[in-house]
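Here are my notes for your read-through. Please keep the structure open beside them.

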Amino acid sequence: MAEKTTKNLNEQTNTARQFEMAVLPLQNTTLFPETVVPLSVGRERSVKAVEFALSTEEKLICCITLKNPDVTGQEAKPVDLYEVGTIVNVKRMMRADGSMQLIVQGVDRVRVLYWAQEQPFIKVKIEVLPDLTITDNENVEALKRNIQGLVQEALAMLPQVPPEIRMAVISQTNPVQLSYFLASVLDLGVETEQKMLEAATVDELLTLTHAALAKEVEIMQIRSKIATEAQGEMDKAQRDYVLRQQMKAIQKELGEDETGEKAEAAQLRERLDQADLPEDVRKEAERELRRMEQLPQAAPDYHVIRTYLEYVLDLPWKKSSEEKLDLNEAAKILDEDHYGLEDIKERILESLAVVKLRPDSKSPIILFVGPPGVGKTSLGRSIARALGREFERMSLGGMRDEAELRGHRRTYIGAMPGRVIQSLRRVGVNNPVMMLDEIDKLGNDYRGDPASALLEILDPQQNFSFRDHYLDLPFDLSKVFFIATANQLQPIPAPLRDRMEIIQLAGYSDMEKLNIARQYLIPRQIKENGLTEEQVEISDDTINLLTARYTREAGVRQLERTVGNLVRKIALKVAQGSTEQVKITADDVKGYLGAPRFYPEKARDENPAGVATGMAWTEMGGEVLFIEATALPGGSGLTLTGQLGDVMKESAQAARSYLWSHASELGIESGAIKENGIHLHVPAGAIPKDGPSAGVTMASALASLYTGRRVRSDTAMTGEITLSGLVFPVGGIKEKVLAAHRAGIRRIILPERNEADTEDIPEDVRQELEIIPAKRVSDVLNAALESQVTQPLPIENYDGVNPKLSRAERDAGEPLIAKEN
């Protein structure tokens, strides 16, 4: 039948090589001449095309491949089909479940001339392509032999190929038919198969076949290698299992049951086999376990190795906690846990946003710096809760031994890993939030410097392969979110500071403390002491009194402790049978807590000449201090008292020198400076003080003394001065201004370049203050000193007024200090 069909077709093509024929679109396959393949036809359009072909005598249909595999034959358009296809003869057809099962045989290659119709099935006018020609006989022969060699290699790696197919491939001598056969049995892809079908010469066809077959053989070789290696591993595991089973049987016959060290070794091996470890870690653990299995239980090294292996197996080498980072939820958590701190929360959310956008990035390393009790540690807990990670706190205060961080080498008796590795073992994941508390309290001695060990731990470029001395294996710390806390920056070495992003936390204002106490502290203390909110009520005046007179801090830790003392007094009454609600007012506090503990500095109603109000920064927040200057008639020089540091002493000398050198411009009689010594004192005398920020305050106090004009009592100031009269910026502006506001001061003189820092001051405080920026010392003196001379300095031939002004100007009360240009 095939010979008859071919003969009829040849007769047609000899007379007219162009004719119309139905088209069967093919998905993901290409048919070649002289190949027999099964086809399944189910779509209505394709079924109609087959039925039309079967109605003809020759039962021929044109099979053309779709360019896009996502397009079906039902919706295919001419542009979706290639232009070269294969005429096939339908050898057999069976209907089953609404579809056709066909066996077809390729007859000849054809090219589409034009598309005759699209419905109800595609019909085209085609022409039969001529037979392939040979361009270079030698090249064709070489390609043919290479292809045959590759076929031999492929068959050697495919033992499951049936013998008849092997024989058909090996015995094929026609290079064209061999190529078409290989293309039909190998999955070369539609594009490659179509290029082979469209090849016009034998040379081009064999070249494409050779390239595709070489690629397939290479893939087979790789698969064979992988299978061989996997089989080798399985064979080794099976061999080990058989040997161990035999060893158990021998030990049982000898009466050596699986007890003691054998049982421990077996348990460790079972854990090691199940553990997910890096390859280098597994290799070292296997070596140590083999050593342990050879040792008796009484050997000293036996327990050392066992403890070492337990640490290795307990560590989370690849185990991470799953993050569910939602920035809106994180912001909500931060607001729930902390009042205020808007700038701090924004910077934390920025860091979390980077973690969300780049999960593979190295975790940030943050340093919170601020006074005690402002919420540094609780911020770390909130970050861990927002990230959905485990939280681990490690206190570094007083740590002096580097080995506490890096661990001890196993050569020492009682050696253990460092605290970093121990913390990771406790939390059980390799990406916790780890709080390094009190990093500024690190010490150092002959045993080493822990701060230097932290240089590697907190460096993202190094900590991905941190080696603990005990483990001596690289552990990846880059996924750990490190948060350090400190009260001061100065004690932290500069290289260590450089590795962390520093976030400053200032103290709270009285209004912020009131809100924190109302929202967090009081409800927590009521709950912790077994009471309910219906049993106790604390007024706002009471909280303000506790803040001002019973605590002295920038944070709220002492305030919470004091609130706890009050609540416990109420708890005692309730425990004794009282059922009435207890309301605590400011008048009741003294009866519960005794006399006030602190009497903070307050703005004086009136400053005598020679006294000025300054502002200072301390670890506890800000403070108001008074600088007092008095003249020593007949004396000379400058006496400084009040436990002043070197920098503060130099500021006093610079202030006196500036006033002396500019005496005529400032309305100061030079005799007032020459004929009097000066004693400058800064209370309280028991508290050490240092820093340059009291320069303008000292200059104002001395100018007040020399001119007899008092410094305004409602004014406080801060700033560093130079001999040329400039006012330089200083730090701690927020804490200083809050302290002045607490003291009742409402006029603040700041360096002009510190004006931007006032944005950090709470809005409610800023609205009550008059902030005066000063660029030069003369600006400070004009703003601070009163106009009238009230306490002139008694100096011979000196009337205490500016000699440059006329009597009328003096009587009119004009400013005595000429403003500098």
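1. A cut-off to start with. Buried means under 20% relative accessible area, exposed means over 50%, and partly exposed lies in between. By that scale Lys59, with a relative accessible area of 30%, is partly exposed. Lys59 sits in the loop that runs between helix H2 (44–54) and strand E3 (60–65). Its phi is positive, about 55 degrees, although Lys59 is not a glycine.

2. Confidence. This is a predicted model. The mean pLDDT of the protein is 80. Of its residues, 90% reach 70 or more. Two stretches need separate mention. Over residues 1–16 the pLDDT is below 50. Beyond near neighbours in sequence, that stretch has 13 contacts in the model. Over residues 797–821 the pLDDT also stays under 50. There the model has 45 contacts beyond four places in sequence. Please read both stretches with their scores in mind.

3. Overall form. The protein has 29 helices and 24 strands. Its radius of gyration is 46 Å, whereas the globule rule gives 28 Å for 821 residues, so the protein is more spread out than a compact globule. Along the principal axes, the C-alpha atoms fill a box of roughly 145 × 90 × 65 Å.

4. Packing and surface. Of the 821 residues, 47% count as buried. Take the contacts between residues at least 6 apart in sequence: 74% of them join residues at least 24 apart. The accessible surface comes to about 41,100 Å². Carbon and sulfur atoms account for 49% of that surface.

5. Charge. How many side chains of the protein are positive, and how many negative? The protein has 100 positive and 126 negative side chains. The centres of the two sets lie 2 Å apart.

6. Asn28. This residue is in the loop between strand E1 (18–26) and strand E2 (36–41). Is Asn28 buried or exposed? Its relative accessibility is 53%, so Asn28 counts as exposed. The phi of Asn28 is positive, near 60 degrees, in a residue other than glycine. For background, most residues other than glycine have a negative phi. Both Asn28 and Lys59 are worth a look on the backbone.

7. Helix H15 and its end. Helix H15 covers residues 419–427. Its buried residues include Val420, Ile421, Gln422 and Ser423. Leu424 and Val427 are buried as well. Gly428 follows H15, and the phi of Gly428 is positive, near 80 degrees.

8. Val737. Which helix holds this residue? Val737 lies in helix H26 (residues 733–742). At 0% relative accessibility, Val737 counts as buried. Leaving aside neighbours within four places in sequence, Val737 is in contact with Met615, Ile748, Ile761 and Leu769. Val737 and Glu623 are 114 residues apart in sequence. Their C-alpha atoms are 8.9 Å apart in space.

9. Asn487. The loop in question runs between strand E12 (481–486) and helix H17 (494–497). Asn487 and Leu186 are 301 residues apart along the chain. Between their C-alpha atoms the separation is 72 Å.

Notes:
Residues numbered from 1 in each chain as written. Heavy atoms only, no water. Helix = DSSP H or I, 4+ residues; strand = E, 2+ residues; numbered from the N terminus. Rg over C-alpha atoms; globule rule 2.2 N^0.38 Å. Buried < 20%, exposed > 50% of the residue type's maximum accessible area, 1.4 Å probe, protein only. Contact = heavy atoms within 4.5 Å. Areas by Shrake-Rupley, 256 points an atom, 1.4 Å probe, with all protein chains shown as cover. Lys, Arg positive; Asp, Glu negative; His and termini not counted. Charge placed at Lys NZ, Arg CZ, Asp CG, Glu CD. pLDDT = per-residue confidence, 0-100.
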